[in-house]
Amino acid sequence: MPSNTVTLVQAAPAQTRLPAAEAAIELRELRKVFGNFVAVDNLSLTITRGEIFGLLGPNGSGKTTTINMISGLSTPTSGTINVMGYALPHDAQQIRRLLGAVPQETALYEELSAWANMDFHADLFGIPRREKAARITKTLELVQLLDRKDSRVSTFSGGMKRRLALGRALLHEPTLIYLDEPTLGVDVQARRAIWDYILGLREQGKTVLITTNYLEEAQVLCDRLAIIDRGKLIVVDTPTQLKRRYGGQVIEVETSQPIRALPELQTLAGVQTVTQSGTHLQIVTEGAEKVVPSVIGILTREAQITDIAVREPNLDEVFLRLTGTALRD
């Protein structure tokens, strides 16, 4: 079981302000208050055009409130929001036309066909009639649903519905796409296909903002991640740098019997946390190569080591260290 040890970290430093031409989204001292509850607390964040950016946080961290403000669905108590050079709330209509959204609930018309769903969305966004059929065909082909264009959505699998929702969001050719839990409830094969579509959006120069509870997904897709907790920005960095800065190397050990000398292991220089589950030990370190000989010496006084390995941390462990909670808590 992971340790509940929490390491205090410095507040995330202010990001360097990018020129308007390079920033897809700029949040400056954004604040949202509901009565006495502060949902978003002076959040400043810049998302660069053309990147896939992940917004992570435990339940109640302020992710959804932040997204609602970026989308123009909620008005900030204070602070500023600029999206693709437009300012909210003044330019909300222009921003909505630049934004393609795939919410967690796909909100498709289940009794209509895939084509009818796309046709309705095309009319909603004012796609010219002379372009509509060609654009729907192209988009359904992109998400590999053209052969099912006349099928009712109610007959689709979860993965097919997510792909159709993604296609619908892309139909009006937005420059900014927001995906809330893009692979929620789909099987492994469908998840990989959706990841490929999302990575392809970056190749087209699109900016993608993702919220996800799958840290493997964030690792695969995101150029950078922001972790927020209790409405505050904790850290912003690439997945690789987050693991280097906050993860520490992990020593995994199997022993012939449980170890009693856990306090002694904990006092070794460079050891951050020690957890034991049965005969399995997990030791998080600042530099495993310096610690391993001492660990082996202590353990072999009590038991035989049946397996030992050193690995890099995963994002789940980084997230736990920064927020004190697992992402799905």
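**Largest cavity.** I looked up which helices line the largest cavity: α5 (158-170) and α6 (188-203) each supply at least two residues of its lining. Helices here are DSSP runs of H or I with at least four residues, strands are E runs of at least two, and both are numbered from the N terminus. The model is a predicted one, in which local features need pLDDT of at least 70 and side-chain atom pairs pLDDT 80 or more, while totals for chains, interfaces and linings use all residues. Residues are numbered from 1 along each chain as its sequence is written, and side-chain values use heavy atoms, with hydrogens and water left out.

I took a cavity as a set of points on a 1 Å grid over the protein atoms alone where a 1.4 Å probe fits but cannot get out; lining residues have an atom within 4 Å of a point. Points are joined across faces, edges and corners, and the volume is the space filled by probe spheres set on them. The largest cavity holds about 50 Å³. I listed V102, R162, L166, L179, P182, I194 and I198 as its lining. By class these are six nonpolar, no polar and one charged. Ala, Val, Leu, Ile, Met, Phe, Trp, Tyr, Cys and Pro count as nonpolar, Asp, Glu, Lys and Arg as charged, and the others, Gly among them, as polar.

**Second cavity.** I counted two cavities of 30 Å³ or more. The classes are seven nonpolar, one polar and no charged.

**Sheet.** I traced an open, mixed sheet of six strands in the order β6-β7-β8-β3-β9-β10. β6 (99-102) and β10 (232-237) are the edge strands, each with a single partner, so one side of each has no neighbour in the sheet. Neighbouring strands are turned by 15° against each other on average, direction ignored. Strands pair if DSSP finds at least two bridges between them; β6 and β7 run parallel, joined by four bridges. I noted that V102 has L179 in β7 as its bridge partner; both residues also line the largest cavity.

**Helices on the sheet.** I found α5 across β6 and β7, at about 170° to β6. α1 lies across β3 (52-56), β7, β8 (207-211) and β9 (224-229), at about 135° to β3. Contact means heavy atoms within 4.5 Å. Axes are lines fitted to C-alpha atoms, for helices over the stretch in contact, with angles from 0 to 180 degrees between N-to-C directions.

Methods: On a 1 Å grid over the protein atoms alone, a cavity is a set of points where a 1.4 Å probe fits but cannot get out, and a pocket is an open set with protein on both sides within 12 Å along at least five of seven lines; lining residues have an atom within 4 Å of a point.
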